[in-house]
Amino acid sequence: MTSPSVKDLPDWFREGYGNVWLPYTQMQTAEDALPVVGTEGVTLELADGTKLIDGVASWWTACHGYNNPRMQEQMIAQVKNMSHVMLGGLLHEGAATLARRLADLLPGDLNHVFFSESGSVSVEIALKMAVQYWMNKGETGHQRFVCFQSGYHGDTTAAMSVSNSGGDLENEGGMHKAFSGFLQQQFLRPLPETPTEMAEFDAFLAAHKDDIAGVVMEPLIQGAGGMKFHGADILAEISASCARHDVLLILDEIFTGFGRTGTMFACEQAGITPDIICLGKALTAGTVAMAATVATDKVYGAFLSDDPDMAFMHGPTYMANPLACAAANASLDIFRDEPVLEQVKRIEGHLNQSLEQFRELPGVVDVRVKGAVGVIQMKEIKDPAAMRARFAREGVWIRPLGDVIYLTPSFTIESHELAALTQAIDKVLNSAD
């Protein structure tokens, strides 16, 4: 029922475990849930008093660490004043302030912020926005999207259709293979990495531009599809090709945004501005669910009309939740006032040095680092759950993904805590069992 490293299960765990349906888990055989009773800094405290250094920042969200006092102060003040109001016909200060600040931070004219509650939904909104953009312009036929092998954009229906994490170009395999016959068929392409491949991609856009609603991609790092990296030059060329053929470019920065790749947003490293950008995860620094879809003036302008049918007909119930806005504004305060990107640079240097030792180990295919992301590519990981449990016994929380062991720690992590993560990896990879 749980990892043997937890000696005494609390009553709430034993009584409620059978009612909680865990993500990406076969519940009949699940034996790896750990009861967490507290967080602090970059550590998770388990029910038996064990403390684990979190190497993945709760799926890449907790960029400023857990229980950050600046964030807590602003969130407490907000919930005492106003916990939530609908955004339909109402507007509150937190939403207006956050939208303005995001517009100021983002490159180019990404000025129009549509809030939602999760990254996957922000992608759904972007896809819906792109399709309606063409409809509002009076251009029919723009119904499909170009997406890339190993891309991941979420687990909701349309987001799954533009994802290919773990699958091949025939859409066979991957985490969404069970739904392959149900999902809309998109234009799935290999990510172009050579001049020849880029020319082929450009020719594809030229041939199909009247059918394409947009190109969807993760800039610099494809996250859940295997932590695969590509250069800023590739992103810039894809952007140029989209502009050349009047195709919308949608960047999913749910993982890469807010400093993770070394700049505030990954697209900055290519010097480009997408037509639509999706933000989430670290937007609220791992405290409360929130996401945003941000459009340029060009996209937004297509929805302005005397015709009510040309309005964007979407409205999540909890969009721009005041508590979430307070968290996001507090996080942006920290980015403004503290040397966060310097923290990322320090982590990158540490990971570059400490992960290199694993390159020559048997079973290791590659080692790569970008910003506060460190990846050890294995030939295979036969039992990820067992490896995760072994990491826990070493005092760290590291969750292998497919055939990679990766680290995406909080930016506030100290050098000795980073060292503990890499030492645990060393022990696990070099253990005989």
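A residue is called buried under 20% relative accessible area, exposed over 50%, and partly exposed in between, judged with a 1.4 Å probe and protein chains only. The structure is a predicted model, in which local features need pLDDT of at least 70 and side-chain atom pairs count only at pLDDT 80 or more, while totals for chains, interfaces and linings use all residues. Residues are numbered from 1 along each chain as its sequence is written, and side-chain values use heavy atoms, with hydrogens and water left out.

With a relative accessible area of 49%, Tyr24 is partly exposed. Tyr24 sits in the loop between helix H1 (11-16) and strand S1 (36-40); here helices (H or I, at least four residues) and strands (E, at least two) are DSSP runs, numbered from the N terminus. The phi of Tyr24 is near 50 degrees, a positive value in a residue other than glycine. Most residues other than glycine have a negative phi. Ser150 also has a positive phi, near 75 degrees. Ser150 lies in the loop between strand S5 (144-148) and helix H6 (157-161), and is buried, at 11% relative accessible area.

Tyr24 returns as part of a nonpolar surface patch with Trp59 and Met175, and together the three have about 310 Å² of accessible area. Patches join residues with over 30% relative accessible area and no salt bridge, with nonpolar side chains (Val, Leu, Ile, Met, Phe, Trp, Tyr) linked within 5 Å and like charges within 9 Å. A salt bridge is a side-chain nitrogen of Lys or Arg within 4 Å of a carboxyl oxygen of Asp or Glu, and accessible areas come from the Shrake-Rupley method with a 1.4 Å probe; for residues, only the protein chains shown count as cover. Trp59, in helix H2 (residues 57-60), is partly exposed at 35%.

Of its 21 lining residues, His112, Val113, Phe114, Tyr300 and Phe312 are the closest to the centre. A pocket is an open set of points on a 1 Å grid over the protein atoms alone, where a 1.4 Å probe fits, with protein on both sides within 12 Å along at least five of seven lines; lining residues have an atom within 4 Å of a point. By class, the lining has 17 nonpolar, four polar and no charged residues, where Ala, Val, Leu, Ile, Met, Phe, Trp, Tyr, Cys and Pro count as nonpolar, Asp, Glu, Lys and Arg as charged, and the others, Gly among them, as polar.
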